[in-house]
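Please read the following report alongside the sequence and coordinates shown here.

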Amino acid sequence: MSNLFIPNPKEAESIHILREVAAQFERPVLLFSGGKDSITLVRLAQKAFFPAKIPFPLLHVDTGHNFPETIEFRDQLVKELGLELIVRNVQDSIDQGKVREERGRYASRNTLQTTTLLDAIEEFKFDACIGGARRDEEKARAKERVFSVRDDFGQWDEKNQRPELFDMLNGKIHVGQNVRCFPISNWTELDVWEYIRTENIAIPSIYFAHKREVFFRDGMIWTANEHVYREQSELVEEKMVRFRTVGDMTCTAAVLSEAVTLDDVVAEIRLSTISERGARIDDKRSEAAMETRKKVGYF
Amino acid sequence: MDIQGRKLIKIATAGSVDDGKSTLIGRLLYDTNSLTTDKIEAIERSSKQRGYDYLDFSLATDGLVAEREQGITIDVAHIYFNTDKTNFIVADTPGHVEYTRNMVTGASTSNVAIILIDARKGVIEQTYRHFFISNLLRISHVVVAINKMDLVGYSEDVYLKIKHDFDALVAKSNFKEEQITFIPVSALKGENVTRKSDHMPWYVGNTLLDHLEVLEPADLLESSVPRFPVQYVIRPKTEAYHDFRGFSGMLYGGSLKVGDAVTVLPSGNESTIKSIHFFDQEVQEAATESSIVITLATEVDCSRGDMIVKSDQLPKSEKSISATICQVNNKALKVGGKYILQHGINRVLAKVDQIESRIHTDFTGTEEADQLKLNDIGRVHFRLSKPIHFDSYHTSKSNGAFILIDEGSYDTVSVGFIE
């Protein structure tokens, strides 16, 4: 038994938020992408409710274009921790004619996820969706609340947000509204990596340097496979790469890297001169790309 | 301390339009290598598009489209950076008259306030307001950054005049423990922000960053009396933990240890702490701001919203309270109005009995008022449906503040500070 427990303030805050979600909402769900941020959330949720089980299910909106390593990892984690996992597929939304597949050079299913997510929220009557978004990721997210109220259409009204004072969270909502909850709002990318290293949390292999078939476009490194549109002139090469964020293969660029251990990754992040979302192809569409997507209910 | 042993300093910034607040933050980010190449490139592109011949760092922080178009900041943005020794979180709050609520919001989670003053304009009405709010929220460390020194010829006289005017304000404050530091800077040129200026040899103090790094994050006034509001009762009902009944929550103030004699409020039932858990470890004692799970030696009634305190250090329990209110919503607070009062995590119903006064935020006293509108600050008396268990905000920020939630819209409409 150790003597005096001194908290890590960011971890303590996140646990506080997760307990507020469990206490204030009837049907919360944790949005799980298989990326490092949602994996960190799972660990924090374990800590928040131990020795009880995590009192909410995980929801994965599967675009069908995920890295296979991520899906394998997801299934393994769920099995180990005895968690409840719900999967909803973007392919189903396409088949039902609710959304149309993008075509051409920059085609991605990233924006199509929103419809599938909103349908799942309606199907399960979720009133709170816990997500791993961080304010340091992107400038529109810098203004996001910890409890962010969305209307029936999942829309974010950035000019009419509830002020959040001290650590008092107001999750009161009307029928039809739901709240997006962001327990690691105040973490930086480096905080997440240092935490993963200290806690020795398992993460998908694509976060570490590996050999991969890639091609170069617009100064970014794209995965070469059947889901990613490629011109004949764009030549495939094998490179040592890793991923800093894990989204769809169609919207996540790799970085050249030799980092094969968590120590290497942390060292690399410290020295990095490119921001994490700098490798997100979806954000490069315009200066306000993220804000526009958030307004229509994107996570 | 974070897991790497870095301390966490939370800063609220306040300034009027065009004081260069965003530029100052952009400069801090740039000089601490916190801006990545792609962000700097984006700033260069945008600066060029707008026809500037310098890098407009405000573009790094003004996040929303409306703000970039109007060139102003309209909501609190959170910005993160770190040095080897310290993690910083900056709540960048807008300086418009109509956005007092944003500074109150940003300041509520901060332990340092940076108040910007344009050296050409000196102490203006907005400065009064910003200092008033940092006082109201009992921010222990105030940094007065006198910016645009390059535009007044780096004049020591200008600096001294502003310091003199500000000291006159400080004399009117009733919060004597706060530490106030004046730093002359040029955010645009990067002088005295992270690097000493060659143009102001008369200034012998620290640069802004050096000053922020030597501050202690602990709130000077946070009391050492522990308060443990129960957030969520943990009952695993598994074989290994069949009879486990743990009370989870965040501990505020001081520490709690196994064996402490405690009282559960509101029931008043007494017990002792049997065990303290953090995840799978059992600990003997937990320090302030730990998110822990506590078990008690006896079966007592205890659920969400209750508070566990040391039996010899009970808070006040009352059904009728007076508080200083800041209105943070368009809907005015009126006599007879009913609200949900959220004190920490506990909710009761509250009715406005009387509005005692509206307080002038320029330190010129109070006036009578029959309502408090958005951005108004006033003294209000409430009657509550049940007693709350509180301390004075002056000795315990966590147990002396509350929010009011509108019963119709469920919006957060006010924040209150109990004296």
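## Overall build of chain A

In this predicted model, chain A holds eight helices and eleven strands. Its radius of gyration is 19 Å, close to the 19 Å that the globule rule gives for 299 residues, and chain A is therefore as compact as a globular protein of that length. Taken along the principal axes, the box filled by the C-alpha atoms of chain A is roughly 55 × 50 × 35 Å.

Of the 299 residues of chain A, 52% count as buried. When the contacts in chain A between residues at least 6 apart in sequence are considered, 76% of them join residues at least 24 apart.

## An open sheet in chain A

Four strands of chain A form an open sheet with antiparallel pairing, and their order is S9-S8-S10-S11. Strand S9 (220-223) and strand S11 (255-256) of chain A stand at the edges, and because each has a single partner strand, one side of each is left without a neighbour in the sheet.

## The contact between chains A and B

The contact between the two chains takes 51 residues from chain A and 57 residues from chain B. On the side of chain B that touches chain A, the elements that give two or more residues are helices H2 (37-49) and H5 (100-108), together with strands S2 (77-82), S8 (232-234), S9 (246-250), S13 (281-287), S23 (401-406) and S24 (412-418), each of chain B. Strand S13(B) gives the most to this side, with seven residues. By residue class, the side of chain B that touches chain A divides into 28 nonpolar, 17 polar and twelve charged residues.

## Asp165 of chain B

Which helix of chain B holds Asp165(B)? The residue has its place in helix H7 (residues 156-172) of chain B, and because 14 C-beta neighbours lie inside 10 Å, Asp165(B) counts as partly exposed.

Once its neighbours within four places in sequence are left aside, Asp165(B) is in contact with Gly122(B) and Val123(B). With regard to Gly122(B), the separation from Asp165(B) is 43 residues in sequence, while the C-alpha to C-alpha distance between the two is 8.3 Å.

Key: Residues numbered from 1 in each chain as written. Chains lettered and ligands numbered in written order. Predicted model: local features only at pLDDT ≥ 70, side-chain atom pairs only at ≥ 80, totals over all residues. Pairing = 2+ DSSP bridges. Contact = placed C-beta atoms within 7 Å. Nonpolar A, V, L, I, M, F, W, Y, C, P; charged D, E, K, R; others polar. Rg over C-alpha atoms; globule rule 2.2 N^0.38 Å. Buried ≥ 20, exposed ≤ 12 C-beta atoms within 10 Å, placed from the backbone.
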